[in-house]
Amino acid sequence: MKRHLGKHEFADKVMENRKRFYCIAYSYVKNEQDALDIISEATCKGLLHLKELDKAEHLVTWMTRIIVNTSIDFIRKNSRTAALPEDSKGYPDDADLRNSQAEEPEREALMDLYNAMDILDPEERTCIVLRYFEAYNFREIAEMLKMPESTVKSRTYRALEKMKQHMTGG
Amino acid sequence: MDAEKFAYEMIEVPDDRLVQAIYKGMGKARQLRRRQYVTRSLTAAAAAFALLVCSANVPSLYAYAKEIPVLGEFVRALHVGGGGESTRHEDIEIEISDSELVLHFIDKGRTTDTVAPYEVQYYSAPSRIALTLQSLTEEEYGKLESGIRSMNGVEDVYRTQAEGKDEISFAIVLDRLYDYEVIEQIFPGMLSIRLFQDAYYTAEERAPEQKVYYLRTKGMEQDEEFRSLLVKYRAESPAQVKTQEGSFILTIGEFASEEEAENRLAELQKNYGGAAEFRVSSGMAKEVPEK
């Protein structure tokens, strides 16, 4: 049954998950003030559109999507993202994926991975943040971002490959 | 792999500032909603205003809904009255957007849950809001006054004599075309003063000039004589008005006719052994007494 969330419940949930939300925003901008501005803006958007949230239980993923989108908007407006390489041919298809040599990183590799995220475009960064820092699975990310699971996978592996090349100087 | 834990270890979270940022976002949403609400209400209220003002024959400006959707717990919206509660704080924070001022009290870097005690009174000649706030330091008041001065619709701000030791009183002189409302909310604590163009202005009509009668004293410094008169006539709730030449007068009442004012003066003379300090005078919304 559809249950709308009240503004007090919203406030409680946002407060409860604030550090997690901040980490997501920070992963995009790597700057304290910018991350705080994103959280502020995302909170405002969340409240204004609270009635659009289909289920109260989905608040955290719904707010995560708002934070991701607000972060991407922020980066675009402030031109702080690294552009895609000039030889980019777009995202790989399933065949590319099957042949991908990219592997999921272990915990000890995460530090380098985190720093290497700066070379990614915002959409790729979203997949890395949600998959490896927020520990969502591909299906959940696909639902959150409202895109096919295959696209999420392709972006993720492509991002990992780019970071791997960057980290090995390739 | 505890990815979430990893992220938290990597990123230093400025928690106090983060909480402030969330409150700020909530406040912004509240302002945006409020703006939409007022815009919708203004045109519809114009006709009701005209009727109200003409029939009452005094500038009666307040007619908007008192309860509106806001974030945090809504406590009250008022034109005249008071609220708040003892609120420990070490600073204040002010947000100004055009004609709205939002006041937060800050303690240990965070917005407090409540707002400090306050009282609001409105006078129509000249049009002004008289505000008293408890437990405000001089420095905090300076910040507040400077914020209020930058609001659209504010003509002047000046200090008046406060009754309590822990209180700061001041008057905000409004442009004639502005009405106002004060909203208090808690969790987070927030006191907002919103000025908005009155219904006549919105309906592009000329508001009638209302002559208001009141009892007044001569112009004085805010000295011992002035303070003793404030004490003597405390039961009559005297208002303090700064004149054009910079002196202060005490006024009692606002009346629609000279006759009503004369009757009130007679009553005052009877109760206060002559009340020789007061006489009948008159003014309008945008008319500050000369001296």
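Visitor: How many residues of chain B are in contact with chain A, and how many of chain A with chain B?

Guide: In this predicted model, 21 residues of chain B are in contact with 27 residues of chain A. Contact here means C-beta atoms within 7 Å.

Visitor: Which elements give two or more residues to the side of chain B that touches chain A?

Guide: They are α1 (3–10) and α2 (15–56) of chain B. α2(B) gives the most, with 10 residues.

Visitor: How do the residues of that side of chain B divide into nonpolar, polar and charged?

Guide: There are 16 nonpolar residues, 1 polar residue and 4 charged residues on the side of chain B that touches chain A.

Visitor: Now chain A by itself. How many helices and how many strands does chain A have?

Guide: Chain A has 9 helices and 0 strands. Its pattern along the sequence reads α-α-α-α-α-α-α-α-α. Of its 170 residues, 37% are buried. Take the contacts in chain A with a separation of 6 or more: residues 24 or more positions apart account for 75% of them.

Visitor: How are two packed helices described?

Guide: By the angle between their axes and the distance between the axes.

Visitor: Then take α2(A) and α4(A). What makes α2(A) roughly parallel to α4(A)?

Guide: The axes of α2 (residues 18–29) and α4 (residues 59–78) of chain A cross at roughly 25° and come within 9 Å. Angles under 35 degrees count as roughly parallel. Therefore α2(A) is called roughly parallel to α4(A). The crossing of this pair is right-handed.

Visitor: Which residues make that contact?

Guide: α2(A) uses A:F21, A:I24, A:A25, A:Y28 and A:V29. α4(A) answers with A:M63, A:T64, A:I67, A:V68, A:S71, A:F74 and A:I75. By class, the contact of α2(A) with α4(A) has 10 nonpolar residues, 2 polar residues and no charged residues.

Visitor: What makes up the contact of α2(A) with α7(A)?

Guide: A:C23, A:I24, A:S27 and A:Y28 come from α2(A). A:P122, A:R125, A:V129 and A:F133 come from α7(A). The classes are 6 nonpolar, 1 polar and 1 charged.

Visitor: α7(A) packs with α9(A) too. How do you know that α7(A) and α9(A) are roughly perpendicular?

Guide: α7 (residues 122–133) and α9 (residues 149–167) of chain A pack at about 95°, with their axes 8 Å apart. Angles of 65 to 115 degrees count as roughly perpendicular. Therefore α7(A) and α9(A) are placed in that class. A:E123, A:E124, A:C127, A:I128 and A:R131 of α7(A) meet A:V152, A:R155, A:T156, A:R158 and A:A159 of α9(A). This contact has 4 nonpolar, 1 polar and 5 charged residues.

Visitor: Back to chain B. In what order do the strands of its open sheet run?

Guide: The order of the 5 strands is β2-β6-β7-β9-β8, with antiparallel pairing.

Visitor: What makes β2 and β8 of chain B edge strands?

Guide: β2 (81–83) and β8 (154–160) each pair on one side only. The twist of the sheet averages 20° from one strand to the next.

Visitor: How do you know that β2(B) pairs with β6(B)?

Guide: Pairing needs at least two bridges. β2(B) and β6 (residues 118–124) of chain B have 3 bridges, in the antiparallel sense. B:G83 stands opposite B:Y118 in β6(B). A helix packs on the sheet as well: α3 (residues 138–149) of chain B touches β8 and β9 (167–174), and its direction makes about 160° with that of β8(B).

Visitor: Which residues is B:V173 in contact with, beyond four places in sequence?

Guide: B:P126, B:R128, B:E155 and B:D156. The C-alpha atoms of B:V173 and B:D156 are separated by 5.0 Å, although the two residues are 17 residues apart along the chain.

How values were computed: Residues numbered from 1 in each chain as written. Chains lettered and ligands numbered in written order. Predicted model: local features only at pLDDT ≥ 70, side-chain atom pairs only at ≥ 80, totals over all residues. Contact = placed C-beta atoms within 7 Å. Helix = DSSP H or I, 4+ residues; strand = E, 2+ residues; numbered from the N terminus. Nonpolar A, V, L, I, M, F, W, Y, C, P; charged D, E, K, R; others polar. Axes fitted to C-alpha atoms, helices over the stretch in contact; angles between N-to-C directions. Parallel < 35°, antiparallel > 145°, perpendicular 65-115°, else oblique. Left-handed = near helix turned anticlockwise from the far one by under 90°. Buried ≥ 20, exposed ≤ 12 C-beta atoms within 10 Å, placed from the backbone.
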